[in-house]
Amino acid sequence: MMNILLPPFTQETAIAKVRLAEDSWNTRNPEHVSQSYTPDSRWRNRADFVTGRGEIIAFLRRKWTRELDYRLIKELWAFTDNRIAVRFAYEWHDDSGFWFRSYGNENWEFDANGLMRTRYASINDLPIRESERKYHWPLGRRPDHYPGLSQLGL
């Protein structure tokens, strides 16, 4: 389970919470990722509505079966006491070798224990050529020295 940072968030803890979420998703391990959410967490991801850890795990298994070599960067957009807004972009390819960069925004709400109870994600996919990829680190956690979204011009 990811290290928990509790609300109310400060600038520093909100940034850390975003990076922990990015690191967790870059594992591409649905069971690991699901532990960051409340047992009854509610999501809207594009047009999918997901409730609870079991559905989160099933959703992420489907996602990462289709979105191969997934690499994600998240960046803090705004925060309040127990809410965080992020923007993100991830790169992936399908089983035919076509590459995409998916851009989006998420709104998160946390419970008092630091687990996410709601997640609303809006995402758009942009087909890219392999030569247009910007994420070239080995699969897994983005290295600390690797630029973020703003530094990459995304």
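Me: Within what distance must a side-chain nitrogen of Lys or Arg lie of a carboxyl oxygen of Asp or Glu to form a salt bridge?
Reply: The model discussed here is predicted. In it, a salt bridge joins a side-chain nitrogen of Lys or Arg to a carboxyl oxygen of Asp or Glu, and the two atoms must lie within 4 Å.

Me: What is the N to O distance at which the side chains of arginine 133 and glutamate 91 meet, and how many residues apart in sequence are the parts that this pair ties together?
Reply: The two side chains form a salt bridge, with N to O at 3.8 Å. Arginine 133 belongs to the loop between β6 (116-128) and α4 (149-152), whereas glutamate 91 belongs to strand β4 (residues 83-93), so the parts tied together are separated in sequence by 42 residues.

Me: Over the face of which residue does arginine 133 lie?
Reply: Arginine 133 is buried, as is glutamate 91. Arginine 133 is also placed 4.0 Å from a ring centre, and the ring is that of tryptophan 99.

Me: How many salt bridges does a search of the whole structure find?
Reply: One of them pairs glutamate 67 with arginine 66 at 3.3 Å, N to O. Glutamate 67 counts as buried because its relative accessibility is 2%, while arginine 66, at 44%, is partly exposed. Over the whole structure, the number of salt bridges found is 18.

Me: In which helix do arginine 19 and glutamate 22 both lie?
Reply: These two residues form a salt bridge whose closest N and O atoms are 3.9 Å apart, and both residues are buried. They also take part in a network of salt bridges with Asp23, Arg141, Arg142 and Asp144. Three residues, about one turn, separate arginine 19 from glutamate 22, and the helix that holds both is α1.

Me: Are the rings of tryptophan 25 and tryptophan 43 stacked or edge-to-face?
Reply: The structure holds 12 aromatic pairs, and this is one of them. The ring centres are 5.9 Å apart and the planes meet at 25°. Planes under 30 degrees apart meet the cut-off, so this pair is stacked.

Me: In which strand does tryptophan 43 lie?
Reply: Tryptophan 25 is part of helix α1 (residues 11-25), and its partner stands in a strand, so the pair ties together parts that are 18 residues apart in sequence. Tryptophan 25 is buried at 4% relative accessibility, and tryptophan 43 is buried at 3%. The strand of tryptophan 43 is β1.

Me: What is the angle between the planes of tryptophan 108 and phenylalanine 110?
Reply: Tryptophan 108 and phenylalanine 110 are both buried. Their centres are 6.0 Å apart and the pair is edge-to-face, with an angle between the planes of 85°.

Me: The charged end of which residue sits over the ring of tryptophan 25?
Reply: Trp25 belongs to one aromatic cluster with Tyr37, Trp43, Phe59, Trp64, Tyr70, Phe88 and Tyr90. A charged end lies 5.5 Å from the centre of the tryptophan 25 ring, and the residue that supplies it is lysine 74.

Me: Which element gives the most to the lining of the largest pocket?
Reply: The largest pocket has a volume of about 160 Å³, and its lining residues include Arg19, Glu22, Lys74 and Arg142. The elements that give two or more residues to this lining are α1, β3 (68-79) and α4. The lining divides into four nonpolar, two polar and five charged residues. With four residues, the element that gives the most is α1.

Methods. Residues numbered from 1 in each chain as written. Predicted model: local features only at pLDDT ≥ 70, side-chain atom pairs only at ≥ 80, totals over all residues. Heavy atoms only, no water. Phe/Tyr/Trp six-rings, centres within 6.5 Å; stacked < 30°, edge-to-face > 60°. Buried < 20%, exposed > 50% of the residue type's maximum accessible area, 1.4 Å probe, protein only. Lys NZ or Arg CZ within 6 Å of the ring centre and 35° of its normal. 1 Å grid on protein atoms, 1.4 Å probe; cavity = no way out; pocket = protein on both sides within 12 Å on 5 of 7 lines; lining within 4 Å. Points joined across faces, edges and corners; volume = space filled by probe spheres on them. Nonpolar A, V, L, I, M, F, W, Y, C, P; charged D, E, K, R; others polar.
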